[in-house]
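Here's a quick briefing to read with the model open beside you.

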Amino acid sequence: MVTESGSLLSPLKEAPFRALWLTSFFNSMAVVMQEIGVAWLMTSLTLSPFLVALAPAALALPFVMFSLPAAVLA
């Protein structure tokens with residue numbers, strides 16, 4: 001059902017879209033909190049800048065590796 005109201009918030013009136021959007025939002029917040037927690041933990045465990053930088057890089061590696069194949073399949 002397409003509404004012609006032209007409001008930016010009009011898609012949020014649809015319950016399935018609102019549920020997916022909120023789920024995606026909270027998932028993104030959880031990922032950011034995990035990355036901050038891992039970086040904070042690494043700074044308390046070691047003072048090596050290489051190891052501190054390696055933790056967020058290891059978290060981002062699966063996204064980098066699988067984003068291109070996922071885009072090709074999509």
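What follows covers the overall shape, the helices and a surface patch. Keep in mind that this is a predicted model. In short, the chain has two helices and zero strands, and its radius of gyration of 19 Å is well over the 11 Å that the globule rule gives for 74 residues, so the chain is more spread out than a compact globule.

**Overall shape and surface**
- Along its principal axes, the C-alpha trace spans about 55 × 30 × 20 Å.
- The chain's accessible surface is about 6,400 Å², and carbon and sulfur atoms account for 77% of that.

**Helix α2**
- Helix α2 runs over residues 49–73, which makes 25 residues.
- At 1.5 Å a residue, α2 should span 36 Å, and its end C-alpha atoms sit 37 Å apart, which agrees.
- There's still a bend in α2, about 35° at Ala 60.
- A proline, Pro 62, follows that bend within four residues.

- Phe 17, Trp 21, Leu 22, Phe 25, Phe 26, Met 29 and Met 33 make up a nonpolar patch on the surface.
- Together, these patch residues have about 720 Å² of accessible area.
- Phe 25, one of the patch residues, belongs to helix α1, residues 15–45.

Note on methods. Residues are numbered from 1 along each chain as its sequence is written. This is a predicted model: local features need pLDDT of at least 70, side-chain atom pairs count only at pLDDT 80 or more; totals for chains, interfaces and linings use all residues. Side-chain values use heavy atoms; hydrogens and water are left out. Patches are made of residues with over 30% relative accessible area and no salt bridge: like charges are joined within 9 Å, nonpolar side chains (Val, Leu, Ile, Met, Phe, Trp, Tyr) within 5 Å. Accessible areas come from the Shrake-Rupley method with a 1.4 Å probe; for residues, only the protein chains shown count as cover. A salt bridge is a side-chain nitrogen of Lys or Arg within 4 Å of a carboxyl oxygen of Asp or Glu. The expected span of a helix is 1.5 Å times one less than its number of residues. The bend at a residue is the angle between axes fitted to the seven residues ending there and the seven starting there. The radius of gyration is taken over C-alpha atoms; the globule rule is 2.2 Å times the number of residues to the power 0.38.
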